[in-house]
Amino acid sequence: MSSEKTLRELADENGVTIGAGIPARSFRQYPDDPTLAQTLKREFNAVTTANALKMGPLRPARKVYDFDDADAIVNFGVKNGMTVRGHTLLWHKQTPEWFLAWDYTDDQLETFVRDHIHTVAGRYHDKVDVWDVVNEAVADDGSMRETVWYEAMGEAYLDKAFEWANDVAPNAALYYNDYEIASDNDKADAVYDLLERLLDRGVPIDGVGIQMHSLPSYQHSREDPEAVGANIRRFKDLGLDVQVTEMDVAYGPDEEFDDRLDHQAQYYRDVLEACLDNGCNTLITWGVHDAGSWLQNRYEVTADPLLFDENFNPKPAYYAIRDLLESRS
């Protein structure tokens, strides 16, 4: 590999962002084993704070913030000239245990959310380039997800979240992020309609993040790349930027291929090609190497969903993406 261009070099040449979401538990290991940090800064030009900025890990007590993990990831990205993505300011999952027991009024909850967003986005106003402001606000059936935020403020909670983020981070790109919206389906239609309403109301939203946890079934599904491209174009026609924000490719026990890793590689390449051909220039994998994947011991799927194996060796998927970018240089 030493005589060949890295994935990051080819991405930079093509004006493409190839990133990785970094779990704090993996990132904390790199002072003793620098392989993760070395691979990340050599092969990727963007980094996402996978869990470190979610409310639960970030706030151990009501008036206490623990920014250590987030600072480490954000500062690493800044130091190495990477695009830094903050994930996420508002989500219905991974809220703190103390929050679940808090007896709050609607007005108190609104103040709490505003202060949270101002504090977190404000801290990184000059470091985080992109924010996933609201994550997964639409349920699988296309209805608005019933959350404490929605119950207290109605759909306007999205408007307020984006406005509050824009108050303190006016130079950051602000995104709505969700799963199962990569192709034309009821949920994607509902998200499209929601984003259209936000834009009609003048909400400062810049883009939509399409999660692509590509699994055989369970919570997520493996979308047809051609359909992904068409749906990217549909969202872009709203005037929004579109990015693939959380991609990994795993297989179930009943899926049989002569060479699973070659099939995985082709799928990664096809999705990136559909992305690039339809005006999406960002693909972020949900981790760097297989041993650090969130899919370890989950959903009864294979534990090899990323571009590098458990020993940080590049897999066929890595070469498929690199070769595609090289062909377009």
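## Basis and terms

Buried stands for a relative accessible area under 20%, exposed for over 50%, and partly exposed for values in between (1.4 Å probe, protein chains only). The model is predicted: local features need pLDDT of at least 70, side-chain atom pairs count only at pLDDT 80 or more, and totals for chains, interfaces and linings use all residues. Numbering starts from 1 along each chain as its sequence is written, and side-chain values use heavy atoms, with hydrogens and water left out.

## Residue Q243

With a relative accessible area of 8%, Q243 is buried. Q243 belongs to strand β7 (residues 241–249); strands are DSSP runs (E, at least two residues), numbered from the N terminus.

Beyond four places in sequence, Q243 touches R85, Y175, V208, G209, I210, C280 and T282, where contact means heavy atoms within 4.5 Å.

## Strand β4

Six of the six residues of strand β4 (residues 130–135) are buried, so β4 is largely enclosed by the rest of the structure. β4 runs parallel to β3, joined by five bridges, and G86 has W131 in β4 as its bridge partner. Five bridges also join β4 to strand β5 (residues 173–178), again in parallel; N135 stands opposite N177 in β5. Strands pair if DSSP finds at least two bridges between them.

Key:
Helix = DSSP H or I, 4+ residues; strand = E, 2+ residues; numbered from the N terminus.
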